[in-house]
Amino acid sequence: MKLLENMVKQDGKVYPNNVLKVDSFINHQIDPKLMMEMAKSLYEYFKDKNITKVLTIESSGIAPAILVANLFNVPMLFAKKSVPSTLKRNSFYETKVHSYTKNVTNNIIVSKDFLHSKDNVLIIDDFLANGRAAMGLVDLIEKAGASVVGVGILIEKSFQEGRKLLDKNNIDVCSLCRISSLENGKVEFNKADDILKK
Ligand code: G4P
């Protein structure tokens with residue numbers, strides 16, 4: 001998606017260990033117009049898939065996920081990284097997600113009340129890096145007996161393992177911007193899918 005690539009080129013900052021900071025328009029301050037355009041592109045890609053729910057993980061996935069869910073006119077559900085004291089044992093699905101970037105392992109959960117076997121679920125997240133967050137969400141969906149329709153991502157770091165992992169699991173991935181390298185502080189992009197060229 002050209003609009004996003006241009007923003008990344010203009011305002012993204014490359015940090016050590018292949019981290020791209022996009023705090024001024026995605027991860028801290030959010031550009032609502034750009035976010036809406038990104039949501040529309042993801043809606044366009046998945047619109048014929050009979051989506052009944054959009055699932056993400058707190059915190060940065062929530063903004064794109066809610067806009068995408070609004071376009072599908074379905075609820076947005078986010079996995080929590082801690083168990084609320086009001087949730088009883090056995091009333092939620094749980095899985096472990098290790099973050100290589102942050103070097104922490106979180107138990108992520110969703111309440112059984114909000115994910116059902118009849119759901120066709122679209123996963124949305126801001127970054128695809130090592131794919132652990134996305135695979136954790138896939139695991140929660142499978143635990144509920146629901147179906148994974150695909151994964152919609154704003155920024156994919158294609159040189160990390162996530163894309164390969166999702167492809168290997170036959171999961172349909174739509175990434176709006178695919179970064180092939182962050183070496184020497186320079187952002188290089190992959191060729192985008194046709195639908196996302198505007
Ligand atoms: P994975 O989610 O694909 O497995 O990758 P990884 O473990 O490396 O990433 C962990 C967290 O770091 C995720 O956020 C992910 O979105 C974020 N992340 C990964 N690479 C980058 C990057 O280059 N730039 C930025 N800004 N974030 C990156 P999270 O743990 O879900 O936390 P939150 O930030 O959404 O709260």
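Tutor: Start with a term: buried means under 20% relative accessible area, exposed means over 50%, and partly exposed lies in between (1.4 Å probe, protein chains only). This is a predicted model, where local features need pLDDT of at least 70, side-chain atom pairs count only at pLDDT 80 or more, and totals for chains, interfaces and linings use all residues. Residues are numbered from 1 along each chain as its sequence is written, and side-chain values use heavy atoms, leaving out hydrogens and water.

Our part is the sheet, with the helices on it. The chain has 6 helices and 10 strands. Helices (H or I, at least four residues) and strands (E, at least two) are DSSP runs, numbered from the N terminus. The open sheet is built from 6 strands, in the order β4-β3-β7-β8-β9-β10, with mixed pairing. Its edges are β4 (76-79) and β10 (188-189), each pairing on one side only. Two strands pair if DSSP finds at least two bridges between them.

Strand β9 (residues 173-181) pairs with β10 in the antiparallel sense, over 2 bridges. There, Ser181 stands opposite Glu188 of β10.

Which residues of α4 are buried? They are Ala63, Pro64, Ala65, Val68, Ala69 and Phe72. These buried residues pack against α3 (32-46), β3, β4, β7 and β8. Contact means heavy atoms within 4.5 Å.

Check both ends of α4. Ser59 sits in the loop between β3 and α4. A cis peptide bond joins Glu58 to Ser59, with omega about 5°. After α4 comes Asn73, with a positive phi near 60°.

Next, look inside the sheet. Asp125 belongs to strand β7. Asp125 is buried yet has no salt bridge, that is, a side-chain nitrogen of Lys or Arg within 4 Å of a carboxyl oxygen of Asp or Glu. Its nearest side chain of opposite charge, Lys81, is 7.9 Å away. For charge, Lys and Arg count as positive and Asp and Glu as negative, while His and the chain ends are not counted. Leaving aside residues up to four places away in sequence, Asp125 touches Thr56, Ile57, Gly61, Ala133, Gly152, Ile153 and Leu154.

Contrast two loop residues. Asn18 lies in the loop between β1 (13-15) and β2 (19-21). Its phi is positive, near 60°. Asn18 counts as partly exposed because its relative accessibility is 30%. Asn103 is in the loop between β5 (92-99) and β6 (104-111). Its phi is near 50°, also positive. Asn103 counts as exposed because its relative accessibility is 61%.

Finally, step back to the chain. Buried residues make up 46% of its 198 residues. Of the contacts between residues at least 6 apart in sequence, 63% join residues at least 24 apart.
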